[in-house]
Amino acid sequence: MGSHRLVAVQMDPLEHINIEGDSTFALMLEAQARGYSLFVYEVGSLALGEGVPQPGQHRPARVSALMRPVSVRREKGNHATFGEAARRSLSEMDVVLMRQDPPFDMAYITATHMLDHVHGTGPDQALVVNDPRWVRDCPEKILVTHFPDLMPPTLVTWDVAEIRAFRAKWRDIIVKPLFGNGGSGVFRIREDDGNLNALLEMHFARSREPLMIQRYEPAVTAGDKRIILVDGEPIGAINRVPSGDDHRSNMHVGGVARQVGLTERDQEICKAIGPFLKEHGLIFVGIDVIGQYLTEINVTSPTGLQELERFDGVNGAALVWKAIEARLGSH
């Protein structure tokens, strides 16, 4: 099964990944094990132009990228062997995995617009995972605001007076850039912290984007749970625990992954959001839960597959490919 299928992976340089923790690498290993032919390209090589028209058709939009065929193996320092780079049409592919890291900026958004031109399961299309339209329309810190009953008290604004009023009400808050990732630029500001004004001045001098402000949840000291959903169904979770005196639990900034199960509240959260994810082609999603509250829904390039397999023996990459194959059907 799958021996004729071609998979292109849009990602940051494969040469530089950590093969012990990278979820894209796990997805590539699984695809290769299923007999798929793998290609990789970086988003900067995408081009949208006119393709060769088919008989009776107008000139169709054509999206291409400078791709390298690749084979992968779990061998440190020698995890990939590349073929010769060539510009190929994405419509030649069966599947395109959109796996470059955020920030979710205009470059990221433009790439989703390009991928819209090829996304689908028709003969001249490629199934893009996750669906580029809904990745674009569902930035992680905005999508979660559609489920207010599941969230801690939250404010998204440019208005400094509103931010000050929010802190006055909740006393202990988290301030984070709306489109950041990996814990970068996330601050905890207590009610007696005199740095709030300076922090806001610094942010708004550098950025036109609003900030997200949330009530600080003390439960974060016990961990920020990453629950992985495939096609809207939870397959397991890992707990990311802050290290040292850092309030952030992201593994990018030193958080440590621990084994953890799903609580009744976790299941309730997944049941509430799962149908939306499935309906909108958000096949591989990672949500963040602190205590009783959903804080983020990560749809751009979620992680955690390798840690989940180590802790619970769940091959999440295989489940992702099973969901992809179900959508491809007989195509």
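These notebook entries record what I looked up in the structure, topic by topic.

**Entry 1. The model.** I note at the outset that this is a predicted model.

**Entry 2. Aromatic pairs.** I looked up the ring pairs and found five aromatic pairs in the structure. One of them joins Trp 134 and Phe 276 edge-to-face, with 6.2 Å centre to centre and 85 degrees between the planes. I then checked where the two rings sit. Trp 134 belongs to helix α3 (residues 132–137) and Phe 276 to helix α7 (residues 264–279), so that the pair links distant parts of the chain, 142 residues apart. Is Trp 134 buried or exposed? Trp 134 counts as buried, because its relative accessibility is 18% and the cut-off for buried is under 20%. Phe 276, at a relative accessible area of 23%, is partly exposed.

I found Phe 276 in a second pair, this one with Phe 147. The arrangement is edge-to-face, at 6.4 Å centre to centre and 85 degrees between the planes. Phe 147 lies in the loop between α4 (140–143) and β9 (154–157), whereas Phe 276 is in helix α7, so the pair ties together parts that are 129 residues apart in sequence. I recorded Phe 147 as buried, at 15% relative accessibility.

Elsewhere I noted a cluster in which ring pairs link Phe 104, Tyr 108 and Phe 179.

**Entry 3. Charges over rings.** I looked up two arginines. The charged end of Arg 68 sits over the ring of Phe 82, at 3.8 Å from the ring centre. For Arg 188, the charged end sits over the ring of Tyr 216, 3.6 Å from its centre.

**Entry 4. Helix α7.** I returned to the helix that holds Phe 276. Helix α7 has 16 residues and reaches 24 Å from its first C-alpha to its last, close to the 22 Å expected. Where does α7 bend? I found a bend of about 40 degrees at Ile 273, with a proline, Pro 275, following within four residues.

I next listed the buried residues of α7: Arg 265, Asp 266, Ile 269, Cys 270, Ile 273, Gly 274 and Leu 277. I compared this list with a general point: an α-helix has 3.6 residues a turn, so residues three or four places apart point the same way.

**Entry 5. Strands β16 and β17.** β16 and β17 pair in the antiparallel sense, over five bridges. Within the pairing, Ile 287 stands opposite Ile 297 in β17. The hairpin has two residues between the strands, and in it Gly 291 takes a positive phi near 60 degrees. How many of the six residues of β17 are buried? I counted five of the six as buried, so β17 is largely enclosed by the rest of the structure.

**Entry 6. Ser 37.** I ended with a single residue. Ser 37 is found in strand β2 (residues 37–41) and is partly exposed, with a relative accessible area of 30%. Ser 37 and His 4 are 33 residues apart in sequence, yet 7.6 Å apart in space, C-alpha to C-alpha. Leaving aside residues up to four places away in sequence, Ser 37 touches Arg 5, Leu 6 and Val 7.

How values were computed:
Residues numbered from 1 in each chain as written. Predicted model: local features only at pLDDT ≥ 70, side-chain atom pairs only at ≥ 80, totals over all residues. Heavy atoms only, no water. Phe/Tyr/Trp six-rings, centres within 6.5 Å; stacked < 30°, edge-to-face > 60°. Buried < 20%, exposed > 50% of the residue type's maximum accessible area, 1.4 Å probe, protein only. Lys NZ or Arg CZ within 6 Å of the ring centre and 35° of its normal. Expected span 1.5 Å × (residues − 1). Bend = angle between axes of the 7 residues up to and from the residue. Pairing = 2+ DSSP bridges. Contact = heavy atoms within 4.5 Å.
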